[in-house]
Amino acid sequence: MAFIALGINHKTASVEVRERVAFTPEQLVEALQQLCRLTPSREAAILSTCNRSELYLEQDQLSSDEVLQWLADYHRLSVDELRACAYVHSEDDAVRHMMRVACGLDSMVLGEPQILGQLKSAYAVAREAGTVGPLLGRLFQATFSTAKTVRTDTAIGENPVSVAFAAVSLAKQIFADLHRSQALLIGAGETISLVARHLHDQGIKRIVVANRTLERASQLAEQFGAHAVLLSDIPDELAHSDIVISSTASQLPILGKGAVESALKKRKHKPIFMVDIAVPRDIESQVGELDDVYLYTVDDLHEVIEENLKSRQGAAQAAEELVAAGTDDFMQRLRELAAVDVLKAYRQQAERLRDDELAKAQRMLANGSNPEDVLAQLARGLTNKLLHAPSVRMKKLTAEGRVDALSLAQELFALDESAPQDKGLQ
């Protein structure tokens, strides 16, 4: 049994690399099944967000090279290119890393709450794919429990700080009065929902939500008195939009340089502020070359985010201590579970010996033997058979120089070291 956490994130890889290693929701089930089929991993889950792509694995023995090769092959990357920005955590460190991720301690935005929901989705998809078994399943449950404790017992979630919040904060720096601005939000997922909430709270004049399906856009727009349109309507709305924030799961850019150029002409070159939170990116990087366009990616938000983290720094240490305790508790319970199988096998062996001796005693009684003699023979026979195997093994181990076996046996059998030794065991 061995746990592995392998992946890349915003600290180790640029957005250009992260978007190439990202998994789409449609790919996940097939990718998980392939991962377990082609590597030594018996259980697996994949977490893929704009800031990270991580594999959580359970194997017989630690073996990360084959997994790294699979990940490179799957995304058509060279394994050397991937190895340069990948990290691998094993055993206790893998458990600790997963818990830190769930608590937002490894996020670009310290303590951000979205990652826990994304991790729960990763677990649900892995269950659907049939790649989560008892060990990885226990780890996920322990991780969720630790994250809940951190949220309840620390202030790490106070004072909303997120990529969405950072995007709106940056917009406020560029536009002195958001009340007069129009925002075009592309996508209708959780991040865009948070963006819409922050913009609404800032009293922005008009919000337009553009999405692949009008129904989903309408559901989000209703909450904030916004207007819903399809992605095909973006060119019409772009000319009236001062702020454009995009976060979709599209594998191809949604907004190109030509469309933005046309919008700028209609706007008479009035500036447009754009934030592309998606990975892979929704807005072509060439858009940033245009005059009167201020284009930011998730990586560019880092400075804004840092300024909003001070209130959470104190809580982070308390959260780290809870994660350490959660890791220790999980690994201890896991080791206890490992002992259960051994104890079960030992009990079954003892019960077979008991049944053999009991059957022998019953035959002696049936043949008319003295009951007291039968009981004495039953006790002697059962004691000798129970002690035979450990006695032989202990002598063999000490003869081989394994003196630690004696102290281990002393502890295992709860023997008083000062008590005289039973000569029958020598």
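Biologist: What distance separates the centres of domain 1 and domain 3, taken over C-alpha atoms?

Modeller: This is a predicted model, in which local features need pLDDT of at least 70 and side-chain atom pairs count only at pLDDT 80 or more, while totals for chains, interfaces and linings use all residues. Residues are numbered from 1 along each chain as its sequence is written, and side-chain values use heavy atoms, with hydrogens and water left out. The domain assignment, whose bounds come from an automatic or database assignment, gives domain 1 (1–157), domain 2 (161–290) and domain 3 (345–409). Taken over C-alpha atoms, the centres of domain 1 and domain 3 are separated by 49 Å.

Biologist: Are α6 and α7 roughly parallel or roughly antiparallel to each other?

Modeller: Helices (H or I, at least four residues) and strands (E, at least two) are DSSP runs numbered from the N terminus, and α6 covers residues 114–129 while α7 covers residues 134–153. Axes are lines fitted to C-alpha atoms, for helices over the stretch in contact, and angles run from 0 to 180 degrees between N-to-C directions; here the axes come within 11 Å and cross at roughly 165°. Angles under 35 degrees count as roughly parallel, over 145 as roughly antiparallel, 65 to 115 as roughly perpendicular and the rest as oblique. By that rule, α6 and α7 are therefore roughly antiparallel.

Biologist: How many nonpolar, polar and charged residues has the contact of α6 with α7?

Modeller: Contact means heavy atoms within 4.5 Å, and the classes are nonpolar (Ala, Val, Leu, Ile, Met, Phe, Trp, Tyr, Cys and Pro), charged (Asp, Glu, Lys and Arg) and polar (the others, Gly among them). In α6, Leu116, Leu119, Lys120 and Tyr123 meet Gly137, Phe140, Gln141, Thr143, Phe144 and Ala147 of α7. Sorted by class, this contact has six nonpolar, three polar and one charged residues.

Biologist: Is the crossing of α5 past α7 left-handed or right-handed?

Modeller: The axes of α5 and α7 come within 9 Å and cross at roughly 45°, and these helices are therefore oblique to each other. A crossing is left-handed if the near helix is turned anticlockwise from the far one by less than a right angle, and right-handed if clockwise. While α6 passes α7 in a left-handed crossing, the way in which α5 passes α7 is right-handed.

Biologist: Is Thr146 buried or exposed?

Modeller: Thr146 lies in helix α7 and, not counting residues up to four places away in sequence, touches Met99, Cys103, Leu322, Val323 and Gly326. Buried means under 20% relative accessible area, exposed over 50%, and partly exposed in between (1.4 Å probe, protein chains only). At 8% relative accessibility, Thr146 counts as buried.

Biologist: Which residues does Glu19 touch, not counting residues up to four places away in sequence?

Modeller: Glu19 lies in helix α1, and with a relative accessible area of 18% this residue is buried. Val15, also placed in helix α1, is buried at 4% and is in contact with Val279, Arg281, Val298 and Asp299, leaving aside its neighbours within four places. With the sequence neighbours up to four places away left out, Glu19 touches Val279, Pro280 and Arg281.

Biologist: What is omega for the cis peptide bond that joins Val279 and Pro280?

Modeller: Pro280 lies in the loop between β9 (272–276) and β10 (293–297). For the cis peptide bond joining Val279 to Pro280, omega is about 0°.

Biologist: What is the phi of Arg76?

Modeller: Arg76 sits in the loop between α3 and α4, and with a relative accessible area of 75% this residue is exposed. Helix α3 (residues 65–74), by contrast, has the buried residues Val67, Leu68, Trp70, Leu71, Ala72 and Tyr74. Arg76 is a residue other than glycine with a positive phi, near 55°.
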